[in-house]
Amino acid sequence: RTRINILNVPIDVVTMKEALTVIEGFIADKSSSHLVATANAEMVMMAQSDKELANILRQADLVVPDGAGIVWAARYHGYKMPERVAGFDLAQAILARAATTGYRIFLLGGAPGIAARAKAVAESRYPGVNIVGTYHGFFQAADEAALLADIRARRPDVIFVALGVPKQEKWLWQHRKELSVPVAIGVGGTFDVMAG
Ligand code: UDP
């Protein structure tokens, strides 16, 4: 895989199909948790002043080129960047794949009720998809230990986390060991769009 840098943020040169293959490799390698980030211009700009975010992105296992600005900047610097890999589309591709493979999926984030609605939408759109749990994204610090234990007990292969950038990346990075979910992806407003 080729990894380029845009303003010191690493971006992997991958198509949607390649990103899905990499993610399926992470799922097969159950031994560790992999962070997947979807980079757009806003995230790259935020990382210029937010050192914690910048550090996390440098250690992420896969950073896909979400956003036309990223694709443009990569091409401007002379790199091949075949297409945008939008977070929403990547999430749909994983859910579609999960419907045939049986991957266990957890949805965390959004206002109360949104992740549950997104689960129902996913179940009708991708028959057979195994969504093993959902939880909203406005939990209190006091509830966090129970939430982490619940997620772990449901043994997801993939957790989608919609807490907004950079909260979702920071939360996933901070709790990656306790979660021990093979693939963790920050998906921003994806559940809101799915819920309609
Ligand atoms: N959100 C959340 N908890 C928070 C803050 C935000 O669950 O403490 C959710 C919010 O309800 C929305 C998502 O995070 O569903 C952020 O969506 P947005 O499109 O703003 O994401 P971004 O542009 O940051 O990727």
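**Entry: the model.** I note that this is a predicted model, in which local features need pLDDT of at least 70 and side-chain atom pairs count only at pLDDT 80 or more, while totals for chains, interfaces and linings use all residues. Residues are numbered from 1 along each chain as its sequence is written. The mean pLDDT (the predictor's confidence in each residue, from 0 to 100) of the protein is 97, and 100% of its residues reach 70 or more. I also wrote down an ipTM of 0.96 and a pTM of 0.97.

**Entry: strand β8.** I followed β8 (residues 183-186) and saw that Val183 and Ile185 point one way, whereas Ala184 and Gly186 point the other way, and that all are buried. For burial I use the count of other C-beta atoms, placed from the backbone, within 10 Å of a residue's own: 20 or more is buried, 12 or fewer is exposed, and in between is partly exposed.

Entry: Leaving aside neighbours within four places in sequence, I find Ile159 in contact (C-beta atoms, placed from the backbone, within 7 Å) with Phe106, Leu108, Ile151, Leu179, Val181 and Ala184.

**Entry: Ala98.** I located Ala98 in helix α5 (residues 87-101), and it counts as buried because it has 21 C-beta neighbours inside 10 Å. Beyond its neighbours within four places in sequence, Ala98 is in contact with Tyr103, Ile105, Val129 and Asn130.

Entry: Val165 lies in the loop between β7 and α8 (167-174), and I count Val165 as buried because it has 20 C-beta neighbours inside 10 Å. Apart from neighbours within four places in sequence, Val165 is in contact with Glu42, Met43, Met46, Gly186 and Gly188; Glu42 is 123 residues away along the chain, yet the two C-alpha atoms are separated by 8.9 Å. I also noted a cis peptide bond between Val165 and Pro166, with omega about 5°, and Pro166 lies in the loop between β7 and α8.

**Entry: positive phi.** Asn8, although not a glycine, has a positive phi of about 70°; I placed Asn8 in the loop between β1 (2-6) and β2 (9-13), where it counts as exposed, with 11 C-beta neighbours inside 10 Å. Arg155, also a residue other than glycine, has a positive phi near 45°, and I found Arg155 in the loop between α7 (144-153) and β7, partly exposed with 14 other C-beta atoms within 10 Å.

Terms used. Two residues are in contact if their C-beta atoms, placed from the backbone, lie within 7 Å. Helices (H or I, at least four residues) and strands (E, at least two) are DSSP runs, numbered from the N terminus.
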